[in-house]
Amino acid sequence: MDYGYFHYEEPYSRPQRRRINYFAWTVAILLLTGAALAAWLFSFYIFGQPERPDSYRVLQKLHKVDPPKRFELTAAPAGEFLSPKQLYDRYIYKGSAELTQANSELARNYIRNFQQVRGLVPYLVGRYVVMEARELGPGDIFTSGMVALTAAVDNGEVLMEHVYPADAQALPLMKQTLTPGLEIKLERTHDLSAAIHAERLNDGRIMITAVPLLYGTYTVTRGTGTFSLEPPLTLNLEAGWPLFKEQGRLRSEMHYTQYRRGAAGPQGQMPITGLAPSGTAPPAENALVRVEAAKPVEPITIAQNAPKNAKEATKATPASKHGKLAKNQRPTATPAASVAATQVPVVAQQPPAAATTPVASTVETPPPPALTKAPITVAAASPIPVRSAGSAASAPAVAPTQSAPADSSGMALASTAGGGSWKTFSPGKMPLGRLIATSDLKDLANRGIAGERVYLKGQFVVNFSDANRAVLRPRTRLATAMLNWSGPSTRIIVEFPTGYTPPAQGTVVSRDDARPLEITEVRKQEDGQLNVFAREIMQ
């Protein structure tokens, strides 16, 4: 055999091991860690400061910022109403850094639709006179509508630029209405103009930028026609604050000075803004006010279940002298004359199921509640037979269509007892009901309470506190709130009985299975916000 036929150079050689470059892997891991840290910091920078133009642009592309929304007067964010003097005292003494931080917070609250607000929203009240108004364009923060430069009537150190966002169809009427000399009255009863920027001028005055959160309908006291505002779809933050730049503001003030000289009296005395010859503020000749559109009232129809037997409808509940049924006494009817003379109209109700024990029949008819002028359809009562005058004097009259109410000492809903006083319970001793969390409120708003007893548990933060009322919001984590994963905003308006002290503003309220809140109503707005009305029932 030829052993040289098969040629193997190294028949049993071991494979070579490659050396691992630990330095390259270390550099790669460090680079990836730095990239992750940079992305984390960048996300906090973007989501935490949406008032910056670059952050707002990124959030718009990611669809993580909502356009400004319209608020209702009863569902607006909690705030404080500041007069021109209070506005001047608040912002004139701030340093440059403090004023910049305050402006960032004001703009951030407006962009976030006043969610996660620290403190109270500043609202403007008082009388202001229009110096000049101009149309908004693509080069402004608000790209559609008008802005009016105004001066405070009772404080010459405060200017206000009031923004009126609107569609292009309303601009002609707005230009005719917002003329120099027009007075703007901001009242806390029906105006919610929030301050979103404060500018300290070189001459020591303060100029406030305000926008109405209601976006309502406006008219003048001595004129015809109205114009309606609309929330802006987007903001052009690159234009910068304020809307009236220095050159435009100086030019507007010069034009207004010439207008006042032309409107001077026969003696040639030029009127001073905010001061009359007697030293008091002059009455408004023509003022811009917000009007509330009337809502149609639907007629209320009350259904009635007619009794099966006609004779049962004509029977009256007999009563003895002490109000209880007498033994072996035949039922008699209430005279129609006394019922018509002493009893107020009542609504026919379905008679309750027959009981085996006698029920007290002395029922005092409650006074009729205040109703609107809407027509109410009420079922007609059956004819009432007449009984003798002696029996009518011995027994109190009872409405034939109204049944005696059952004892409501322990089973009546707390929401049905008005007047700031209702039954409270010890922890864990409340009547049986359905316990839900804040995540179930949306389903409850779509389905309704439907007469059942519903309790609410969870952790809440007090945004506003009054004498017998507090406004709470569910407590959410920072990451959930910044990424907008919590869904639509929720407000819980809690009423407290007389003698209770509501929790202070800013405190955290925790409610568990033993100490829940009782929900009386849930309303859902068009923008998705939930308004939950609840009451304190714990002792």
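Modeller: Gladly! Let us begin with burial: a residue is buried under 20% relative accessible area, exposed over 50%, and partly exposed in between (1.4 Å probe, protein chains only). Arg134, with a relative accessible area of 24%, is therefore partly exposed. This is a predicted model, where local features need pLDDT of at least 70 and side-chain atom pairs count only at pLDDT 80 or more, while totals for chains, interfaces and linings use all residues. Residues are numbered from 1 along each chain as its sequence is written, and side-chain values use heavy atoms, with hydrogens and water left out.

Biologist: Which residue forms a salt bridge with Arg134?

Modeller: A salt bridge is a side-chain nitrogen of Lys or Arg within 4 Å of a carboxyl oxygen of Asp or Glu. For Arg134 the partner is Asp140, with the closest N and O atoms 2.9 Å apart. Asp140 counts as buried, at 10% relative accessibility.

Biologist: How many salt bridges does the structure hold?

Modeller: There are 20. One of them joins Glu253 to Arg205, with 2.8 Å between the closest N and O atoms. Glu253 sits in helix α6 (residues 246-262) and Arg205 in the loop between β7 (193-200) and β8 (206-212), so the pair ties together parts that are 48 residues apart in sequence. Helices (H or I, at least four residues) and strands (E, at least two) are DSSP runs, numbered from the N terminus. Glu253 is buried at 14% relative accessibility, and Arg205 is buried at 15%.

Biologist: Where do Glu518 and Arg453 lie?

Modeller: Glu518 is in strand β20 (residues 517-524), and Arg453 is in the loop between α10 (441-447) and β15 (454-456), 65 residues apart. Their side chains meet in a salt bridge (3.8 Å, N to O). Glu518 is buried, with a relative accessible area of 1%.

Biologist: In what order do the eight strands of the open sheet come?

Modeller: Two strands pair if DSSP finds at least two bridges between them. Here the order is β14-β15-β20-β21-β18-β17-β16-β19, with mixed pairing. β14 (434-436) and β19 (508-511) are at the edges with a single partner strand each, so one side of each has no neighbour in the sheet.

Biologist: How many bridges join β17 to β18?

Modeller: Four, between residues 469-474 and residues 490-495, and the two strands run antiparallel. Leu472 stands opposite Ile492 in β18.
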